[in-house]
Amino acid sequence: MNLDKLSQDRLIDIVRRAGQEIVMPSFRQLNASDVETKSSLTDLVTIADKASEAFITTEIQHAFPDWEIVGEEAVAENPSTTDKIATADTCVIIDPIDGTWNYAHGLSDFGIILAVVVKGVTRFGLLYDPVNDDWIYANLGEGAFFQRTAMNEKGKNQTPNQAPLALHITAEPELDKLAGIMSVNSYTGQKKQDFALKASRFVRINNLPSCPAYRQIAQGHFHFSLTYKMLPWDHAAGVLVHTEAGGVCRTLEGKEYSPAMLEGEMLAAQSEEQWQELAEYFRK
C-alpha cells in the first residue's frame, strides 16, 4: 500500500524545511572548519549535512514513530544501520545533502533525497532541489511528477498552487546522439581508461550527483546515467522516479534493483532497447 497524500505532504514539508532553514543558509557560507573529509578527498561531510539529517530524522520520528530511519551520516557512524532497509516494515532512507562536494564548493548541483521503503520495496521517492525549491516525486505504480512553488508578492516561495506535472520519458533511439551522466574519474586503472574512451562516443557526458542526475534523466534532459556506487540513499528514490516516468534501471550486470543492494553499478536508460544497447557497450 502506498502512502496517503497527508503522509506524503508531511514528508515533503519536512524535507523542504530542512532545505530552506538549514541547507541554504549555509550554502556558500561555509568555513574550512565546517567541512570534513570522510573516505577520500572528494567524500566530504559538512555541518549542514549533519544538521539536515538530524532535523529530518527528528521530525520523522515525531510524525511517524513506528518507522525506522536510515540516514547517510548515521550509516557512516554505524554501517550495520543499512540492515533496517530489508527488515523493517517501513523504513525511510535519507540523503541530507546529496552532492556534498558540489555544495561545499559553492556549486548548485546538489539536493536532498528521501525514500520510503515498505517491506524491502520502495513505495515513495522524493528528489528535492533546495536552490530552486522544487521537487520530483513518485509513488509505486502511480507515475512520477514534478512540482514547484510560486513566488508570493514579497518574492518568497509559497505553498504549491498548481497541479504537478506528470513526467513521461521518450527514448532517443540512436546511441551516438545520447547525452549521459557518469563519473569517469571515479574508476581506476584500465577501466578508467576504457570508460574514458567509451564516453567519448556520446554527444555529452556530465558528472552529476544522484539527486540532480535522476531529476535530469527523468525530465529527458539527459538520456542515461551510469553510477559506479550502489548506495541506498543515492538510488532508492531515483530508481523509483525514473521507472515510474517510463525508464529502465538495473545493475550493469542485469540485476533488478533492490534498495537493500550495496554492491554494483547502476545503469539507467530511457527504454529497454536502449538499456540493452548501453549495457552491451559498457560491458565489452
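A residue counts as exposed when its relative accessible area is over 50%, so Lys119, at 58%, is on the exposed side of that cut-off. Keep in mind that this is a predicted model.

**The largest pocket**

- The volume of the largest pocket comes out at about 1100 Å³.
- Its lining takes in 37 residues, and the ones nearest the centre are Thr42, Pro209, Tyr228, Lys229 and Asp234.
- Several elements give two or more residues to that lining, among them helix H3 (72-77), strand E4 (90-98), helix H7 (210-218) and helix H8 (232-244).
- By residue type, the lining splits into 16 nonpolar, 13 polar and eight charged.

- Strand E7 (residues 134-139) and strand E8 (residues 143-148) run antiparallel and are joined by six bridges.
- One of the pairings puts Asn139 with Gly143 in E8.
- E7 and E8 make a hairpin with three residues between them, and Gly141 in the turn has a positive phi of about 80 degrees.
- E8 also pairs with strand E9 (residues 165-166), again antiparallel, over two bridges.
- In that pairing, Phe146 sits opposite Leu165 of E9.

- Asp9 and Lys5 meet through their side chains at 2.7 Å, N to O.
- Both belong to helix H1 (residues 5-26) and lie four residues apart, about one turn of the helix.
- Asp9 is partly exposed at 36% relative accessibility, while Lys5 is exposed at 58%.

**Salt bridges across the chain**

- Arg16 forms a salt bridge with Asp133, with the closest N and O atoms 2.8 Å apart.
- That pair links distant parts of the chain, since Arg16 is in helix H1, Asp133 is in the loop between strand E6 (121-129) and E7, and 117 residues separate them.
- Both partners are buried: Arg16 has a relative accessible area of 16%, and Asp133 has 2%.
- Lys119 and Asp89 form another salt bridge, with their closest N and O atoms 3.0 Å apart.
- Lys119 lies in the loop between strand E5 (111-118) and E6, and Asp89 in the loop between helix H4 (84-87) and E4, so this pair ties together parts 30 residues apart in sequence.
- Lys119 is exposed at 58% relative accessibility, and Asp89 is exposed at 52%.

Conventions. Residues numbered from 1 in each chain as written. Predicted model: local features only at pLDDT ≥ 70, side-chain atom pairs only at ≥ 80, totals over all residues. Heavy atoms only, no water. 1 Å grid on protein atoms, 1.4 Å probe; cavity = no way out; pocket = protein on both sides within 12 Å on 5 of 7 lines; lining within 4 Å. Points joined across faces, edges and corners; volume = space filled by probe spheres on them. Nonpolar A, V, L, I, M, F, W, Y, C, P; charged D, E, K, R; others polar. Pairing = 2+ DSSP bridges. Salt bridge = Lys/Arg side-chain N within 4 Å of Asp/Glu carboxyl O. Buried < 20%, exposed > 50% of the residue type's maximum accessible area, 1.4 Å probe, protein only.
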